[in-house]
Protein chains: 2
Amino acid sequence: MAVEATAMALLWEQQTASKRGPKPTLSLDMIATTGIEIADADGLAALTMQRVAERLGVTKMALYRYVPGKVELVALMIDRGIGEPPRLERMTGGWRRKLDTWARQMFDRFAGHPWALEATVGARAIGPNELGWLEEATAALTGTPLTGGEILDVAVTLIGQVRMIAQQAAAMGTRDPEQAMDEAMNAVLSGREDRFPALAAVLADSAGKNQALDFGLRCILDGVQLLIDRRN
Amino acid sequence: MAVEATAMALLWEQQTASKRGPKPTLSLDMIATTGIEIADADGLAALTMQRVAERLGVTKMALYRYVPGKVELVALMIDRGIGEPPRLERMTGGWRRKLDTWARQMFDRFAGHPWALEATVGARAIGPNELGWLEEATAALTGTPLTGGEILDVAVTLIGQVRMIAQQAAAMGTRDPEQAMDEAMNAVLSGREDRFPALAAVLADSAGKNQALDFGLRCILDGVQLLIDRRN
DNA sequence: CAGAACTGTGTCTAGAGTACACTGTGTCTG
DNA sequence: CAGACACAGTGTACTCTAGACACAGTTCTG
């Protein structure tokens, strides 16, 4: 919890401008943005304090005046990278349409910042934007006969689906991820069809179309709808 | 793809015993098992070649005779850690019961080896056990009116749900993960209820019971069932 | 005994983070 | 109002950890 505490402070607390001393040449925003640029371009492994500093025209030690360490920098990058949630209350349509939009927008964010997937496993600090996303989803489901716990569970399930598909897409390079996935599995399977017969048959039948996100969302939302309808 | 290729060879190809030279003191299995023990106990960050070697009573360079590098070691650990899939064909009941069991068993594996979640984001090599899990799921759905692509999508969606809940559980320490999650969110929210009103209300109403896995699985499988019933 | 296969020692490199000196800037005091 | 001073920002030099390579030494079998 120790590291998360410092990250929480950075994410949530307003930065107070210091009075005395030289003017800062950098800002948290500049540093986070630069970090995001690097991670977008070359992945999280390529994100080093050195490289962030270089791009900003300073030495890495300058960064430690703004950010306690790399973990906190990444936490900042995540919250800024995911960005503000969509404003669903302005949307027409019921909870289903809203959640569908919500999930697809989240997918787009993850697709734009694939490193955010790696960076968001395990214990970590939650930022305001991230909590904002959750707020939007819960707001969309408020008023339905679902309990509070169930509302959260729906949101979590949707996040799971979005993350999973985004992960596959990221692993397979950007274009035609499912096609690539099929090909990769076919490559492994060739010569071993007897060991994985059902999988081989299914792959032969697979169209390789990019429908996984749609399909999963539909299943989940159908399931939620069924529950809501039953309660009404 | 370069690293994955060497990992694939290690995962799939039979190791040929060498004739000449001293007897190897170690084996791939011993090394992978030791790695799993360390990661289980202290997390993936604590997994160093040094530490694996120490526990085996050798220097780290000895390991490089068996494993090309750390990436490949982790790939081995994943496949061994996830282990063999459950044998669903022996089960009574239809596809739904089978998939439910499949998902819950997968959850148990991830719960036992939380580091496997971190280690399975991004491009990586797929091992025989992992493919075996996919085989079981597809076999369970073969015979339903779903297309090949849809069958794979169902499996992927389930994996997403399992991973998501396992991730939350891992992040929150083992016992009562959802309770802990609620508490953590409440802590962040306190004093900011005006900014996240729906979330605050929902949290106040949340029972904190560990039902997220059940709930999500039910939604997903309900959705799949709806689709199957419609086609019949 | 020759050659191949294991293992250990020493070394290199990258990257996170610390210690500390130096420099600039506002505030406080005589 | 001028100078001292405290404090903030930045840079240089260093430590520490960890993965990986080179190569010497050792062991075993054909």
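Salt bridges between the two domains of chain A: the count is zero. By salt bridge I mean a side-chain nitrogen of Lys or Arg within 4 Å of a carboxyl oxygen of Asp or Glu. This is a predicted model, where local features need pLDDT of at least 70, side-chain atom pairs count only at pLDDT 80 or more, and totals for chains, interfaces and linings use all residues. Residues are numbered from 1 along each chain as its sequence is written, chains are lettered from A and ligands numbered from 1 in the order in which they are written, and side-chain values use heavy atoms, leaving out hydrogens and water.

Now the domains. Domain 1 of chain A covers 2-81, and domain 2 covers 85-231. Those bounds come from an automatic or database domain assignment. The C-alpha centres of the two lie 30 Å apart. Each domain of chain A gives 15 residues to the contact, meaning heavy atoms within 4.5 Å.

How much area do domain 1 and domain 2 of chain A bury between them? About 1,300 Å², with 67% of it on carbon and sulfur atoms. Buried area here is the accessible area (1.4 Å probe) that two parts lose on being put together, summed over both. On the domain 1 side, W12(A), I78(A) and D79(A) lose the most, together 39% of what that side buries.

Which helix supplies the largest share of the domain 1 side? That is α5(A), with six residues. Helices are DSSP runs (H or I, at least four residues), numbered from the N terminus.

Back to salt bridges. Over all chains there are 18. R80(A) pairs with D29(A) at 2.4 Å, N to O. R80(A) sits in α5 and D29(A) in α2 of chain A, 51 residues apart. R80(A) is partly exposed at 34% relative accessible area, and D29(A) is partly exposed at 42%. Partly exposed lies between buried, under 20%, and exposed, over 50% (1.4 Å probe, protein chains only).

D42(A) and R51(A) form another, with closest N and O atoms 2.5 Å apart. In chain B, R87(B) meets E89(B) at 3.5 Å, N to O. Finally, shared partners join D100(A), R104(A) and D214(A) into one salt-bridge network.

Technical notes:
Helix = DSSP H or I, 4+ residues; strand = E, 2+ residues; numbered from the N terminus.
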